[in-house]
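Got a minute to go through some labels and what stands behind them? Take a look at this one first.

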Amino acid sequence: MNGVLSGRTALVTGASRGIGRAVAERLARDGAFVVVNYLRNRPAAEETLAAIHAAGGQAELCAFDVARGQEVAKAVEDLVARHGKIDILVNNAGLARDNLLVRLKEEEWEQVMDVNLKGLFLCTKMVVRSMLRQRFGRIINVTSVVAQTGNPGQIAYSTAKAGVCGFTKTLAKELASRSITVNAVAPGFIDTDMTRSLPEQVKTGYLNLIPAGRWGTAEEVAEVVAFLACPLAGYITGQVINVNGGMYM
């Protein structure tokens, strides 16, 4: 499949469903060879892979835990050995453990930080080595609107996602001279399995906060990621792009 990303290799973490799946499919449609990362849900990851192949794209599966350094190192080293490089990294893998501070368990806090922040650190550090050698790269981190607004009951998740924003801006300054851009996309409330499972009363309350009057789609988030990954976005770095229907401006 030819496109603006032909010849590029992209690694998308947490790509078995939701926003990650939409991003993987979108990058493949632009011609990238997409590495679909997942942890446990192989059947869902295979659905992502099948959808990419059905549309004429190229992709493969790669199972590893983003929060375990040895697994990340081995996976990235194997990928670079086989493909020669990783041009695009989308840090999408995430985890939420929702509760008020006084009820949140220490292990739940640690789980959220491990996946959302430690995983971000480990994956990016390993992939950047390949990007530095070729003096080119696109790193896109998925954060959240709650990193900017806060949200009662999501103190661990909002804290971790705020950390993603700081990580993005600092790394952008470190890597800009090497033609490596680092940006973040901050989705608002998106129509995914997670939001569909919310009680109707909660969904109605959130919907009233969105000026657009509707949920966003994973495909709308994927479009922004695809733009940030393309050649024309080379002068955009250190930015947090909001995709939230006007919920936060």
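Predicted model: local features only at pLDDT ≥ 70, side-chain atom pairs only at ≥ 80, totals over all residues.

**Labels and their cut-offs**

Q: Where is Glu60, and which residues does Glu60 touch?
A: Glu60 is in strand S3 (residues 58–63); strands (E, at least two residues) and helices (H or I, at least four) are DSSP runs, numbered from the N terminus. Leaving out residues up to four places away in sequence, Glu60 touches Phe33, Val34, Val35, Val36, Leu49, Leu79, Arg82 and His83. Contact here means heavy atoms within 4.5 Å.

Q: What makes the pairing of the Glu60 and Arg82 side chains a polar contact?
A: A polar contact is a pair of N or O atoms within 3.5 Å; within protein, one must be able to donate a hydrogen and the other to accept it, and residues adjacent in sequence count only if both atoms are side-chain atoms. The Glu60 side chain makes such a contact with the side chain of Arg82 at 2.9 Å, and another with the side chain of His83 at 3.3 Å.

Q: How do the axes of H1 and H2 cross, and what is that arrangement called?
A: The axes of helix H1 (residues 18–29) and helix H2 (residues 42–54) come within 9 Å and cross at roughly 25°. That makes H1 roughly parallel to H2, because angles under 35 degrees count as roughly parallel, over 145 as roughly antiparallel, 65 to 115 as roughly perpendicular and the rest as oblique.

Q: Which residues meet where H1 and H2 pack?
A: From H1, Arg21, Ala24, Glu25 and Ala28 meet Ala44, Glu47, Thr48, Ala51 and Ile52 in H2.

Q: Why is Arg135 called partly exposed?
A: With a relative accessible area of 46%, Arg135 falls in the partly exposed class. Arg135 sits in the loop between helix H4 (106–134) and strand S5 (137–142), and its phi is near 55°, a positive value in a residue other than glycine.

Note on methods: Residues numbered from 1 in each chain as written. Heavy atoms only, no water. Axes fitted to C-alpha atoms, helices over the stretch in contact; angles between N-to-C directions. Buried < 20%, exposed > 50% of the residue type's maximum accessible area, 1.4 Å probe, protein only.
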